[in-house]
Amino acid sequence: MMFGPRPSLLLTGLLLVGMFCRPAQAVPIPVRMVVVASFNTGDDSDEGPGEFHLWVKREHLDEAIPVRGALHPVRRNKQGLYGIVPGNAGHMVNADGEALTAFVLDPRYDFRHTYWLFTGISGVDPKVGTVGTAAWASFVINGDELRELDDREIPRGWSSGLFAIGSDRPDRLPSDPKHFGSASTPDVLSMVYALNPGLTRWAYDLTKRVALPDTPALAAERAGWTGFPAAQQPPIVILGDTLGSVRYWHGVMRTRWAEGWASLWTHGRGRFAMSNMESQTYMDTMYVLARQGLVDLNRVMVLRTASNFTEPLPGQSPVASVGDEGPGQDEAYESNYRAGAPVVHEILAHWARYASHVPQAE
């Protein structure tokens with residue numbers, strides 16, 4: 001009669017074999033710095049158009065890393081800088097949040113002490129700056145969730161047909177936050193994202209004297225902005241907030257709305273400077289990830305650079321200038337890199353200091 005091992009001993013043996021044969025779980029790589037660009041066409045290293053190629057080329061982001069759930073690979077250099085362009089492949093805003101989440105959820109990486117630099121080109125308010133201007137944001141304002149009436153039907157005396165859900169007219173915060181679900185006050189609604197003010201000011205102080213690109217063509221265009229001193233000056237680095245909206249808006253009246261919308265949701269502390277289509281999506285995604293302990297919001301920075309104005313030259317029709325980013329796109333890409341690179345280099349060069357200590361303005 002043949003006798004085999006008892007089942008319990010056989011099972012124990014198989015488990016032990018499995019334990020010793022199973023590959024060890026890799027320790028997640030601590031990521032030091034990520035630059036997030038909003039779009040890029042063609043190959044990452046192509047000269048244009050796009051917000052990513054200068055970072056790829058000049059920072060030698062040569063290694064491409066596929067990420068499950070993201071349409072575009074992440075890129076990395078030997079100094080520990082990562083770069084991602086979530087809105088590539090023609091999907092723009094719709095893919096921004098999903099690709100960013102896929103990257104953060106990748107088990108190969110640890111983002112709990114990562115610094116984030118969200119970059120991109122924008123429309124600039126001519127009251128605040130000119131084409132080529134670079135603005136570090138203290139606030140990101142959400143311009144998507146709102147009530148809207150056609151401007152041809154708005155009551156007399158209203159500034160626009162755009163106003164807060166839960167409010168009964170423009171320029172007022174919601175009187176009943178229950179319209180947003182479980183929020184108890186307007187301040188906890190996801191309409192404004194306050195960034196670390198000390199870090200923002202530190203980044204500004206580090207870069208405020210950076211020389212930004214300028215051209216004779218832009219100088220000639222600036223001359224037409226009579227009555228707008230900031231628009232007539234050469235581009236510089238400033239402090240200014242960004243308003244993100246999937247709607248691509250343009251014109252004098254919409255610029256006045258954006259100024260009021262930013263002031264309303266920041267209780268007068270914010271100043272609208274830059275318009276764009278994706279910063280609100282990025283910040284909403286980051287807030288969700290932060291609530292799960294995956295990222296640190298105190299290490300998030302937002303830098304926008306102007307490729308065009310949010311309204312037409314005085315006396316011109318907005319139809320003639322809506323979407324006209326060509327004259328300043330290249331300068332905005334260059335400004336973006338010039339203003340952002342010193343911050344990236346400082347953090348990576350002195351990682352022993354900044355790994356556990358978030359820099360603050362003195």
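**View 1. Surroundings of Met33 in the predicted model.** In this predicted model, Met33 touches Gly80, Leu81, Tyr82, Thr114, Tyr115, Trp116, Leu117, Met301, Val344, Ile347 and Leu348, when residues up to four places away in sequence are not counted.

**View 2. The largest nonpolar core.** This core has 36 residues, and those with the most contacts inside it are Met33, Trp55, Leu117, Trp136, Met301 and Ile347. At least two of its residues are supplied by each of the strands β2 (33–36), β7 (115–124), β8 (134–136) and β16 (300–309), and likewise by each of the helices α2 (53–58), α4, α9 (329–349) and α10 (351–354). The largest share, nine residues, comes from α9.

**View 3. Thr200 in helix α4.** Thr200 lies in helix α4, which spans residues 197–207, and with a relative accessible area of 2% it is buried, because the cut-off for that class is under 20%. Leaving aside residues up to four places away in sequence, Thr200 touches Trp136, Ala137, Ser138, Leu195 and Leu239; of these, Trp136 is also listed among the residues with the most contacts inside the largest nonpolar core.

**View 4. The whole chain as context for the close-ups.** The secondary structure of the chain comprises 10 helices and 16 strands, and buried residues account for 51% of its 362 residues. Of the contacts between residues at least 6 apart in sequence, 74% join residues at least 24 apart. The accessible surface of the chain is about 17500 Å², with 56% of that area belonging to carbon and sulfur atoms.

Note on methods:
Residues numbered from 1 in each chain as written. Predicted model: local features only at pLDDT ≥ 70, side-chain atom pairs only at ≥ 80, totals over all residues. Heavy atoms only, no water. Helix = DSSP H or I, 4+ residues; strand = E, 2+ residues; numbered from the N terminus. Buried < 20%, exposed > 50% of the residue type's maximum accessible area, 1.4 Å probe, protein only. Contact = heavy atoms within 4.5 Å. Areas by Shrake-Rupley, 256 points an atom, 1.4 Å probe, with all protein chains shown as cover. Core = buried A, V, L, I, M, F, W, Y, C linked by side-chain atoms within 4.5 Å.
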